[in-house]
Amino acid sequence: FFTTKMENLLVLFYLVSFFSGIILFFLVKKQIKINFVSRKFFSFNLLKDITKFSGKIFVLEALSMLAYQTDNIILAIFLPIESVTKYAIVTKLFYQLRGLYGMFLGVIQPMIFRAKKVNDKVFIEKMIIKGTKYLNISYIPLIILGIVISKPFITLWMGDAYGQYGYWSSF
């Protein structure tokens, strides 16, 4: 049907994502019992409140994503695509660890936002100091694990030709 295995894989990925989204939509609609299509569902006041609360977080996340993708864009402009591939292999474990760090941080942030709403500055300061400390303490073993397994992981994942980049990944 398609000319390459990659095209088949991409089509399959997008089809699964599409149907998963539809199933999730109907499951949520069944649980919440809201008519998502009605005009009453959309409220500009609610949208204003949401953006006031989380608009800054959205901008920070968008800037963070852009910061982490800028290097790939620059590499793709100035270097051959093979270099971008090697760079992606080397940085893959870093991005995975960064994602785990974001999940850990996602546990702390709602508590800080709730405390900010009631203006509990003592709790906010305590959570920032202790939360950051415990977050970093729990993150260190993951970093060490990444350093230890990066070369064997990349060799297993991409083969011996790319296994040499595991040293750079662990660095």
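Tutor: Helix α3 is the top contributor to the lining of the largest pocket, giving ten residues. Helices here are DSSP runs (H or I, at least four residues), numbered from the N terminus. Both α2 (44-78) and α3 (81-117) put at least two residues into that lining. Bear in mind that this is a predicted model, where local features need pLDDT of at least 70, side-chain atom pairs count only at pLDDT 80 or more, and totals for chains, interfaces and linings use all residues. Residues are numbered from 1 along each chain as its sequence is written, and side-chain values use heavy atoms, with hydrogens and water left out.

Now the space itself: the largest pocket holds about 580 Å³. A pocket is an open set of points on a 1 Å grid over the protein atoms alone, where a 1.4 Å probe fits, with protein on both sides within 12 Å along at least five of seven lines; lining residues have an atom within 4 Å of a point. The volume is the space filled by probe spheres set on the points, which are joined across faces, edges and corners.

Seventeen residues line the largest pocket, and I57, L60, E61, Q109 and F113 lie nearest its centre. By class, the lining splits into six nonpolar, five polar and six charged residues (Ala, Val, Leu, Ile, Met, Phe, Trp, Tyr, Cys and Pro are nonpolar; Asp, Glu, Lys and Arg are charged; the others, Gly among them, are polar).

Back on α3, that helix also holds V90. V90 counts as buried because its relative accessible area is 17%, and buried means under 20% with a 1.4 Å probe, protein chains only.

Note on methods:
Buried means under 20% relative accessible area, exposed over 50%, partly exposed in between (1.4 Å probe, protein chains only).
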